[in-house]
Structure formats: C-alpha cells, structure tokens
Amino acid sequence: MPETSLIVVDPGHFHATLVQAEMYPGLSPLVKVHAPLGPDLIDYLSRIARYNRRPQAATDWRLDVHAGPDFLDRTRNEPPGGVAIFSGHNRGKIERIISALEAGLHVLADKPAIIEPADLLPLEVALALASDRHLVLADMMTGRHNTLLRLLQALRSDPEVFGEPVPGTADEPGVFLSGVHYLHKVVAGLPNPRPAWYFDVTDQGEGLADTGVHLVDRVHETLFPEQALDWQRDIDVFAASRWPTSVSLAQFRELTGEGAWPEDLASWLRGGVLEYFCNGRVDYRVRGIHVRLEVRWDWQAEQGDDTHHALYRGTRCGLAVRQGPAERFRQELYVLPDRDIGTALRRRIVALQPRYPGIAIEAVGLKWRIAIPDKLRIGHDAAFAAFTRRFLAYVADPASLPARERPNLLAKYRVTTGAVSLSRG
C-alpha cells in the first residue's frame, strides 16, 4: 500500500509536533507544511528539528515547507488520501476542517474542534462529509490511552464491583471531574512558550470549551462504553459559570515574548491586568446522570504538573482518581466501597492482570488503591504517539472506525459549547 502523508496546517500549538514525536510504519517521512510565516511556524520547525537531532530515538522527518498567506489554498490542492493536521487557532477551525475533507483529506484536529454553539451544525456537516467520502475525522483524545483511566472504565463496567451509576442530583452529582492546568510549564524539558493569540478566548476558546473537551470525553467513554449518544436528546446542560485568572504584563511577556498588550486583548484588560477567562464549571445531565465538571488554569504548579481528580458514584462503590500531596501529585485510582465487594474486586483485578501485568490491590484504610506499575503508566508525550497509531490504523481502514465515534463527537461538543454559552449569561 502507498505511504500516507501528513499535511501540517498552520501549527500554532505544540500538540502538532507531539504527533511527530516518533516515526510510524506506513507513514511517509516527507511532511508538507503550509502556514503563514511567523513565530508559530518557527516554533514548530524548531521542535521538529530537536526531534531529528536527539541522541536517542531520533526521528527522520523531512519537511517541505510553504510559508505564505496562501497556505489554505495550498492545503486544498494537496492530493487526496493524506492526513491534514490542525493544531492552533480554534476560531474558524471547523471551516478549515470542512475544506480539507472536501479535498479528500483525512483530518486529525487538536481539541477543541469547535468553541461556539453555532459551530455544532457545521461540525455535523463535516462528520457527514467524512462518512460519505470514507474519510476519518477525529480530535486528539490522548487520555483514552491512560492506563489508569482504562482500569477505571473496566471496574465501572463490572456490575459486581461498581453496580449501576448513581444518577445523583444537582447538589450531589453522580459524577464529578476537575482538572487544573498551568500557563507556565515545561514541555519536553524546555519552557513552553505561548503565542499572544492564546490569551484571546474568542480564538483559543474558554476553559470549558478547551480542556473541558477531555473531561467530557472521559465521562461519556466511562459511563457509556461502546454506546452512541444523541447530542440533541441525551444531553441537558442546565448550569454553568466562569471566572478569570489574572495575568500581569510581566507574566504575559514571559510566556509570549511580546512587549505590550495586543489590541485584540484590550476589552479584557482591567487596570493593566488581563482577565483571562480560562476557568469554568458546568452541571449537565447525560441520559439522566448528573455530571459536574470544573476546569481551572493557574499560573504555575508548586509541585508536579497538571492535576486531575474524579469521582464516579455507583450503587456498590465509588471510583475516585486523586492526585494530591498524599499521592505525591501522581494520579492514583481508589475504590470506595459501599458494600462488601472485596471478592468481586479481587476477581476483576486477577482477570485484568494478563492485559495489565503487575496491577494489584492495596488496602488504604477503608478503601482500596489499585497499584499500577510505572512501566504501565504512559506519559503525556507517549499518549500522543499511541493515539496517532490508532488514528493511522483507522485511516488505513476507515470502515474500522467505531460507529459511535461520530455521534459522540457531537455530544461532547454539545456539552462544552453549551456550557460556555450558558456561563456567559
């Protein structure tokens, strides 16, 4: 079979480079890059060059770069069958996605694919177009390759361990997830710069529309594995709020290298400080189960990196993900029993051990911790490579893409865009 080629379009976010952190069988080392000439493109090229020069597991990417304002026209003229990667500006991304699909290209888009409710119908058009032309359209849900989350899903699916999901109420939801990210961080051993437009929420998107996508994907994949959701009937977003993180000019300079505030951010400046609306909370129901999600962006972590917490309440136990000081800021999975489920839990872990060698149960007071060996814990960068391998397998055989993926993509963005719209009210 002929090799598949990558077409990287306007790579404004470093996630585009993480897709290329390693080489893949059947994927051409020659990559077309179409982008306007500017700092975003230069940052992308620098990262790929470091991959090619690293002393161990060096890559061998060969870039054919066209830098100019006609980058979208060049993308549309690429031969069908390639994979267009969109990672960067989120405003107008859905129009770029549709244009690539019309040209016969598969699409791998960094999250979020859309940031406004008005873009749900264009997203539906894009998914129908991909289906009709036997193309694959996906967003980068790297969390699906997290071993801890896969074990959580396996325990939730065991009725003798978890029971049935508790519907919960608005005051005490059946599911609660939260995530804290940091503006100032290190990626691949180097400080991670951010473009100035990243702080424009009309371009990057607010917190619920951006990192909230991952949380919604985890909830739906866990509660309803292998099931298709209807974005118009199964989802009810009923409460949402948002609040800003304050960013000083000195902090903005440190992250972007810009000497002054861009005019595009003027409406969010208060007393010379940027109100960056990257924090949000949403309450919604999915098939009758109350879910609460909270996303937050702080300046810099005192220890560790981005943190995630979760609680799924079942009729027999709760399943909790914690990542605090007690866990040394590493994600750990706990089982919080409401009934005597010890025998069922041990039986389930034994059944999972051939697939996840070394996992075990440890008693911690009145709860259990699922011990996960370090060799099974996939890091942030490795998760991108695992996701890319899965995506390329779908590209090789589009009929193998699970039928639920397309409707569930719409259901996910119904939550995130609806939450942002409601929070603004």
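Predicted model: local features only at pLDDT ≥ 70, side-chain atom pairs only at ≥ 80, totals over all residues.
1. Tyrosine 198 is buried, with a relative accessible area of 3%.

2. Six aromatic pairs are present in the structure. In one of them, the ring centres of tyrosine 198 and phenylalanine 199 are 5.7 Å apart and the planes meet at 75 degrees; the pair is therefore edge-to-face, since an angle over 60 degrees counts as such. Phenylalanine 199 is buried, as is tyrosine 198.

3. Tyrosine 198 also pairs with tryptophan 297. Here the distance is 6.3 Å centre to centre, with 75 degrees between the planes, and the arrangement is edge-to-face. The two residues are 99 apart in the chain, and their pair links distant parts of it. Tyrosine 198 belongs to the loop between strand E9 (190-191) and helix H7 (212-223), while tryptophan 297 belongs to strand E13 (residues 289-298).

4. Tryptophan 297 has a relative accessible area of 6% and is therefore buried, the limit being under 20%.

5. Tyr198, Phe199 and Trp297 are members of one aromatic cluster, which also takes in Phe252, Trp261 and Tyr276.

6. Two charged side chains lie over ring faces. Arginine 287 is placed over the face of phenylalanine 224, at 5.2 Å from the ring centre. Lysine 367 is placed over the face of tyrosine 334, at 5.5 Å from the ring centre.

Methods: Residues numbered from 1 in each chain as written. Heavy atoms only, no water. Phe/Tyr/Trp six-rings, centres within 6.5 Å; stacked < 30°, edge-to-face > 60°. Buried < 20%, exposed > 50% of the residue type's maximum accessible area, 1.4 Å probe, protein only. Helix = DSSP H or I, 4+ residues; strand = E, 2+ residues; numbered from the N terminus. Lys NZ or Arg CZ within 6 Å of the ring centre and 35° of its normal.
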